[in-house]
Amino acid sequence: MRRYVLRRLAVGVLQALGITIAVFFVIRALPADPVSRIVGMNPTEDSIRQARHALGLDMSLFQQLLTFLGFHGNGVFTGSLGTSWVSGSTVLSEIAITLPTTIQLIITSFIVALLVAIPIGMATARRPGGKLDKGVFGYGLFAGAQPEFWWGLIFIFVFYFKMGIAPAPLGMLDPMLTAPDAVTNFVLIDSLIAGDFTAFKSALGHLVLPVLTLSFLLVGPLLKMTQQSMSRVLSSEFILYQQASGLEKKSIGRSTLRSALAPIITLTGILFGFMLSGAVLVESVFSLNGLGQYAVAAVLNLDFPAVQGVILVISVISLFVYLGLDLLLAKIDPRILVK
Amino acid sequence: MTPSEALLSTRGLTVKYPYGDVQNVVIDELDLDLYPGQIVGLLGESGSGKSSLALALMGLARHPGVVSGEVNFRGKNLLKMDDEELRQIRGNSIGLITQKPRQALDPLVNVGKQISRVYRAHSHASKADAQVRAIELLRSVGINDAERRVNAFPHELSGGMAQRALISMALSVEPDLLIADEPTSGLDVTIQAQFLDRMWERARDANIAVLIVTQDLGIVANYCDRIVIMEDGKIIEDRITTEFFADPHTAYGKKLILASGAGTKSSNADVAITTTPEILRVTDLRKTFEVEGGKRLQAVSKASFQIHKGRSLGLVGESGSGKTTVGRLILRLADPDSGEVWFKGERIDSISPKEFRKYRSKIQAVFQDPFDSLNPRWPIERVIREPLDLHTEMSKAEKGARVRELVSLVGLTDDILPLRPGSLSAGQQQRVSLARALATEPEFLILDEPTSALPPAARADMILLLKSLQERLDLCFIFISHDLSTVRELCHDIAVMYLSEIVEMGTSEQVFSAPSHPYTRALLDSVLFHDPSSRRVDRTVKAELEGEIPSPVDLPAGCYLAARCPMAEQRCRDDHQALIEIGPSRSVRCWKSVEASK
Ligand SMILES: Nc1ncnc2c1ncn2[C@@H]1O[C@H](COP(=O)(O)OP(=O)(O)OP(=O)(O)O)[C@@H](O)[C@H]1O
Ligand code: SF4
Ligand SMILES: [Mg+2]
């Protein structure tokens with residue numbers, strides 16, 4: 001088991017590094033010149049040369065890679081992701097601010113989505129063709145037909161603009177409040193640490209619409225998977241046999257759920273990895289300064305260190321998420337060997 | 001017996017499966033009465049609704065089916081009971097053994113927990129007591145090492161063991177009604193016999209009503225008092241067993257009896273020594289497979305036999321005994337570790353696959369699962385024509401004529417030619433496989449369980465067909481099967497295999513009338529002949545084996561049967577046995593049998 005975890009980690013780290021290095025070369029192969037963005041209009045030969053030198057772009061590609069990895073001073077191997085060419089602060093510190101916002105958004109959305117999808121999926125699997133099932137079908141047609149930012153805008157229109165029950169879609173906190181001391185950069189947690197319940201409530205309030213938007217979309221695939229998986233288990237031989245053996249309903253229900261769980265967990269993992277950068281549209285609709293936003297800005301600005309840093313961080317997080325889920329699956333299903 | 005004495009009686013029992021907006025009716029207004037102490041055999045083609053009926057008797061249907069009508073158990077309608085009352089009856093007063101033992105167990109929970117859950121659902125036992133009980137139960141059905149096995153997960157058990165665990169669960173609560181859905185379909189014949197004997201005794205002693213769903217007329221003839229035949233969700237024949245065998249009323253029943261009637265006599269019992277030329281000779285064939293943990297599994301060892309023109313060899317033995325592997329070695333689908341295969345005086349085991357291709361048209365095969373071996377996208381015409389394209393120089397017209405000739409040879413009509421395999425029944429598919437195998441007029445055929453996957457009526461038809469082809473075409477073949485009555489009908493010679501070795505060989509007549517090896521005797525004794533006047537349960541002395549078949553990975557040093565053989569002595573455990581000739585074309589691998597024959 002420990003050997004399995006270590007091996008998975010080692011392989012995963014190599015993969016993450018491989019992806020990052022690939023990205024390193026791909027962005028440098030793009031037909032766009034980051035220097036021209038930095039030196040402004042009508043630059044002199046000299047200022048261009050200077051800028052190139054400052055960014056390290058005058059070195060050979062290979063030397064640039066070695067620098068990035070940390071063979072010449074600080075780099076990936078020494079725990080540094082370099083300095084942003086746009087802001088001048090370290091990439092790591094910027095990710096440390098934007099990542100928690102995204103993670104907080106995604107995790108809450110997943111919790112909400114799973115809490116909705118699993119019970120409804122179970123109920124509709126039990127009664128296919130029932131009222132609830134028809135409702136779910138309608139939702140599937142409806143929700144899938146529009147992109148996520150569109151739903152975000154509709155929710156803002158309805159709940160903020162028309163009904164006025166949601167806060168303005170501007171960031172994580174009421175602009176009038178002072179943010180709690182940044183400890184973890186998770187606003188919810190920091191406000192609790194600071195004992196600032198007004199801030200906590202405001203942060204929760206500001207999460208409602210983005211979470212609603214994201215989970216509104218996440219529920220679709222999760223619900224579908226729950227339904228499929230549940231009806232597969234429900235029509236399985238062993239559930240039938242448990243009924244025939246006169247086991248109690250509760251006990252049969254537990255067996256069913258447990259057996260139906262594996263594909264749902266796998267899907268959750270895949271969606272999670274996807275959402276780390278895929279939540280960008282929702283982040284921008286609600287002006288949340290998250291990782292997705294940061295990544296898009298980095299690409300648009302040709303801020304190479306930031307792009308590389310984001311990719312590496314996302315790969316490493318996905319790695320841990322997948323590993324955690326695989327261990328969970330192995331715990332549920334004895335047929336999965338973890339050696 | 002009158003309906004008022006019935007333990008369970010259904011009136012207007014109906015099971016429907018919603019299929020979108022359509023209702024698929026699988027049990028149609030069915031009335032059935034079951035009485036205490038009576039064993040009822042339920043027969044019917046696959047899809048006729050047998051399993052649905054078995055479940056509906058407990059008020060259950062496969063998800064998302066719906067049961068309606070009346071199921072009166074001791075006069076009370078199960079379908080109107082509340083959940084708790086129903087729950088107390090299921091698994092307690094009515095026990096169920098399902099067709100697929102391994103699938104009936106929750107793959108995520110260990111066996112002990114599952115047994116104790118059922119036990120605790122019907123008693124107030126504590127968890128610890130239930131665990132002890134689970135161990136007892138496993139031990140009582142002959143699972144050795146029960147303390148360890150109780151922690152095993154279903155995928156770690158063999159099908160046979162899972163079946164035993166289920167049987168132990170069903171019988172442990174002393175039900176009044178036992179419903180068994182093909183309880184022995186996955187079991188080997190000697191183990192099937194053990195189980196059925198035990199069930200029969202229990203039903204007699206405790207006055208249990210039993211409904212046993214089966215495809216095997218032998219089980220009905222040997223163990224059932226009454227036979228019920230279903231077709232399309234309805235009962236078409238419901239008779240006392242002996243009366244049914246004497247005079248079946250329905251066409252379906254007549255067909256079953258007709259096909260099995262021959263089962264007691266063999267027309268191939270003649271001539272032991274043959275003068276026709278030798279077609280195939282196999283010497284000292286050996287094949288092992290590497291298995292997990294670097295060990296080797298011995299699939300076939302020291303297999304030697306020859307087959308002469310116009311004769312057929314039956315290869316019998318329980319599952320895993322190596323029958324299929326022998327066939328695959330001859331067909332060059334696997335390479336032997338050692339040994340030789342000679343076809344008409346030419347050695348074919350060591351030639352290259354390319355060289356072997358020219359023998360392909362001479363050596364053909366038919367396998368167990370007809371659908372697997374037919375290309376689903378090809379029309380039947382092309383399926384049968386393929387070997388002609390590959391191996392002959394015929395013109396288009398000649399091929400067309402030959403295909404039609406073959407189709408009629410196997411009892412099919414031309415109108416199936418444009419169809420695809422998927423739209424044929426299993427029986428028709430198997431006939432197509434046979435037609436394809438016969439296309440190039442092979443001199444030698446390997447038939448590997450060609451009848452086993454077929455429903456009873458189709459199986460009977462197939463046997464009749466093979467028999468007539470054998471006479472008309474003078475076929476020479478190996479027939480692999482675990483079904484001894486079929487082998488007896490079709491084969492001149494028999495080789496009995498046990499755990500990779502041939503333990504006895506002789507003509508059908510010799511082996512069936514005077515089996516010599518203890519394993520052959522037990523095997524023959526477990527054959528359930530389709531004749532209610534000579535039932536196994538009426539026989540006083542039975543040749544029986546104990547316990548389970550050992551693993552082919554860790555084979556014992558001495559005789560492979562020693563652990564199960566009732567005659568075993570120390571010498572058996574010490575010395576490996578050799579196949580010794582005890583008469584013309586007759587040999588046996590057991591020193592005691594050899595001595596007894598002198
Ligand atoms: N490719 C393989 N790899 C590993 N083991 C194998 C392989 N093929 C067969 N075996 C093993 O070899 C033994 C003989 O198998 P074989 O299929 O010949 O038996 P059989 O008598 O035809 O059984 P059945 O009646 O179930 O078809 C079995 O223990 C089987 O598990
Ligand atoms: S050699 Fe011994 S153990 Fe083996 S079959 Fe003969 S009597 Fe039985
Ligand atoms: Mg086989």
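**A walk through chains B and A**

Beyond its neighbours within four places in sequence, Ser433(B) is in contact with Val366(B), Pro370(B), Ser373(B) and Leu374(B). The model is a predicted one. Ser433(B) sits in helix 15 of chain B, which covers residues 426-438. Its relative accessible area is 2%. Buried means under 20%, so Ser433(B) counts as buried.

Next comes a sheet in chain B. Eight strands make up this open sheet, in the order 16-17-18-13-19-20-22-21. Their pairing is mixed. Strand 16 (363-366) and strand 21 (580-583) stand at the edges. Each has a single partner strand, so one side of each lacks a neighbour in the sheet. On average, neighbouring strands are turned by 20° against each other, direction ignored.

Look now at one pair within the sheet. Strand 13 (residues 312-316) and strand 19 (residues 493-498) of chain B run in the parallel sense and share four bridges. Gly314(B) faces Ile494(B) of strand 19. Helix 19 of chain B, residues 518-525, lies across strand 13, strand 19 and strand 20 (501-507). This helix runs at about 105° to strand 19.

Turn to chain A. The axes of helix 1 (residues 2-29) and helix 4 (residues 61-69) come within 11 Å and cross at roughly 135°. That angle makes helix 1 of chain A oblique to helix 4 of chain A. The crossing is right-handed. From helix 1, Thr20(A), Ile21(A), Phe24(A), Phe25(A) and Arg28(A) take part in the contact. They meet Leu61(A), Gln64(A), Leu65(A), Phe68(A) and Leu69(A) of helix 4. Seven of the contact residues are nonpolar, two are polar and one is charged.

Notes:
Residues numbered from 1 in each chain as written. Chains lettered and ligands numbered in written order. Predicted model: local features only at pLDDT ≥ 70, side-chain atom pairs only at ≥ 80, totals over all residues. Heavy atoms only, no water. Axes fitted to C-alpha atoms, helices over the stretch in contact; angles between N-to-C directions. Helix = DSSP H or I, 4+ residues; strand = E, 2+ residues; numbered from the N terminus. Parallel < 35°, antiparallel > 145°, perpendicular 65-115°, else oblique. Left-handed = near helix turned anticlockwise from the far one by under 90°. Contact = heavy atoms within 4.5 Å. Nonpolar A, V, L, I, M, F, W, Y, C, P; charged D, E, K, R; others polar. Buried < 20%, exposed > 50% of the residue type's maximum accessible area, 1.4 Å probe, protein only. Pairing = 2+ DSSP bridges.
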